[in-house]
Amino acid sequence: YLNGGPSQVDTFDPKPMLKQYEGKMLPSGNLSTERKTGTALASPFKFKKYGESGIEISELFDRTASRHIDDLCLIRSMHANTPNHEQSMRLMNCGDERLSRPSLGAWLTYGLGSENQDLPGFVALCPGLPVADVSNWRAAFLPGIYQGTYIDTRKAKAEELIEHIRNPLLSPRDQRRQLDLLTTLNRRHQASRGDDAALEARIASFELAYRMQTAALEAFDLEREPRHVRESYGEGAQARQLLIARRLIERGVRVVQVFHGDVQPWDSHEQLEKNHRNLAQQCDQPISALLSDLKRLGLFEETIVLCGGEFGRTPSVELVNGKPAQGRDHNHWGFSVWLAGGGVKGGMVHGATDDFGYQAVENRVHVH
């Protein structure tokens with residue numbers, strides 16, 4: 001999840017017409033934007049064709065495109081409802097802008113279950129918290145056991161990633177006896193109150209936490225990976241969490257959501273060239289490594305990978321105090337996401353935006 005709204009015209013949707021109109025107002029007239037924008041802003045990044053499919057991708061994702069473009073299904077005609085982060089993130093993650101719907105991960109684990117009963121079926125990996133925070137992985141009206149388990153990946157060691165993963169006072173045998181007593185009391189409490197989803201979720205969470213003491217420490221310990229595998233993902237939080245994601249998928253966790261950064265990292269209202277380049281350097285190598293790793297382990301064909309943010313950005317430059325800030329405003333009218341693996345048809349582009357990348361015009365795909 002490229003948190004904050006990556007610019008489609010600087011990543012996956014080349015628009016050479018922006019170069020022709022640079023410094024001029026776009027012929028489409030005044031664009032409907034959240035903030036004031038000015039003239040056309042050409043992409044500072046080079047685009048080129050990759051693979052047998054010849055799909056054009058920005059240099060920002062050169063590693064991913066060089067190795068995997070023929071596995072990607074690129075949707076260039078996405079559109080959403082509003083240019084606000086909170087609403088658009090809930091729409092992307094929960095299918096609705098309000099706080100009343102379960103997240104995608106909750107629905108999938110509710111419908112399909114998980115293949116590992118010693119780990120959560122749905123895990124959300126994020127360094128810090130994104131905008132709209134825990135609502136991005138909530139269960140809403142589904143039983144609470146289906147909500148995402150949040151892991152703060154700013155920490156590197158397995159013991160630090162999950163609080164209280166070790167019990168320093170009790171042996172596993174004593175914990176089991178303690179938990180059995182607690183379950184007996186909770187069931188007795190529940191019997192006089194009928195079905196209570198919150199209580200059921202709490203009982204299940206205690207059981208899961210007990211089993212996780214062994215399984216989670218092993219799954220989150222990246223030192224168990226060969227050095228060459230760790231090096232293929234690179235350095236930093238994004239590399240760590242994508243490797244953790246692969247280890248969780250490998251162990252039967254149904255859904256893993258990986259947030260790139262906290263707050264609004266791709267939200268480049270100013271200095272887009274510098275900010276987008278830095279952000280892409282953090283995630284291009286590990287994304288490419290993840291796809292290669294899934295293929296190596298025979299998991300690619302059974303794992304769907306979805307990459308994108310809550311909306312795109314304007315083809316015109318944003319104005320700050322009336323002056324160009326060399327950045328772009330939010331744009332929900334047209335943007336790009338891509339999918340790979342899991343039976344997805346690779347090496348193809350679905351839909352298109354207009355000549356300037358402002359609005360989806362061909363085979364439009366709404367987020368919901």
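The legends below describe close-up views of a predicted model.

Residues are numbered from 1 along each chain as its sequence is written, and side-chain values use heavy atoms, with hydrogens and water left out. Because the model is predicted, local features need pLDDT of at least 70 and side-chain atom pairs count only at pLDDT 80 or more, while totals for chains, interfaces and linings use all residues.

**View 1. Helix 7 and its bend at Met212.** Helix 7 covers residues 197-220; helices (H or I, at least four residues) and strands (E, at least two) are DSSP runs, numbered from the N terminus. The end C-alpha atoms of this 24-residue helix are only 29 Å apart, short of the 34 Å that a straight helix would reach at 1.5 Å a residue. The expected span is 1.5 Å times one less than the number of residues. At Met212, helix 7 bends by about 55°, the bend being the angle between axes fitted to the seven residues ending there and the seven starting there. At the start of the helix, a side-chain oxygen of Asp196 comes to within 3.0 Å of the backbone nitrogen of Ala198.

**View 2. The buried residues of helix 7.** Buried means under 20% relative accessible area, exposed over 50%, and partly exposed in between (1.4 Å probe, protein chains only). The buried residues of helix 7 include Leu199, Ala201, Ile203, Glu207, Leu208 and Met212. Towards the end of the residue range, Ala215, Ala216, Leu217, Ala219 and Phe220 are also among them. The buried residues pack against strand 5 (122-126), strand 6 (149-152), helix 5 (158-161), helix 6 (172-191) and helix 9 (237-250).

**View 3. Helix 6 against helix 7.** The two helices pack at an angle of about 170°, with their axes 10 Å apart. Helix 6 is therefore roughly antiparallel to helix 7. Axes are lines fitted to C-alpha atoms, for helices over the stretch in contact, and angles run from 0 to 180 degrees between N-to-C directions. Angles under 35 degrees count as roughly parallel, over 145 as roughly antiparallel, 65 to 115 as roughly perpendicular and the rest as oblique. Residues of helix 6 that meet helix 7 include Pro172, Gln175, Leu179, Leu182 and Asn186. On the helix 7 side, Leu199, Ile203, Phe206, Tyr210 and Gln213 are among the residues that take part. Contact means heavy atoms within 4.5 Å.

**View 4. Helix 7 against helix 9.** The axes of these helices come within 9 Å and cross at roughly 135°. Helix 7 is therefore oblique to helix 9. Glu218, Ala219 and Phe220 of helix 7 make the contact with Ile244, Arg247 and Leu248 of helix 9.

**View 5. Gln213 in helix 7.** Gln213 is buried, because its relative accessible area is 16%. The side chains of Gln213 and Gln175 are joined by a polar contact of 3.0 Å. A polar contact is a pair of N or O atoms within 3.5 Å; within protein, one must be able to donate a hydrogen and the other to accept it, and residues adjacent in sequence count only if both atoms are side-chain atoms. The side chain of Gln213 also reaches the backbone oxygen of Tyr210 at 3.2 Å. Leaving aside neighbours within four places in sequence, Gln213 is in contact with Ile165, Arg166, Asn167 and Gln175.

**View 6. Helix 3, residues 85-94.** Eight of the 10 residues of helix 3 are buried, so the helix is largely enclosed by the rest of the structure. These eight are His85, Ser88, Met89, Arg90, Leu91, Met92, Asn93 and Cys94. Their cover includes helix 4 (104-112), strand 7 (255-258), strand 10 (323-331), strand 11 and strand 15 (365-366). Gly95 follows helix 3 and has a positive phi, near 80°.

**View 7. Gly5 and Phe335.** Gly5 lies in the segment before helix 1 (17-20) and counts as buried at 0% relative accessibility. Apart from its neighbours within four places in sequence, Gly5 is in contact with Trp266, Glu310, Phe311 and Arg313. Phe335 is in strand 11 (residues 335-340) and counts as buried at 1% relative accessibility. Phe335 and Arg313 are 22 residues apart in sequence and 7.6 Å apart in space, C-alpha to C-alpha.

**View 8. Ala132 and Asn321, each with a positive phi.** Ala132 is not a glycine, although its phi is about 70°. Ala132 sits in the loop between strand 5 and strand 6 and is buried, with a relative accessible area of 14%. Asn321 has a phi near 55° and is placed in the loop between strand 9 (312-320) and strand 10. Asn321 counts as exposed at 77% relative accessibility.
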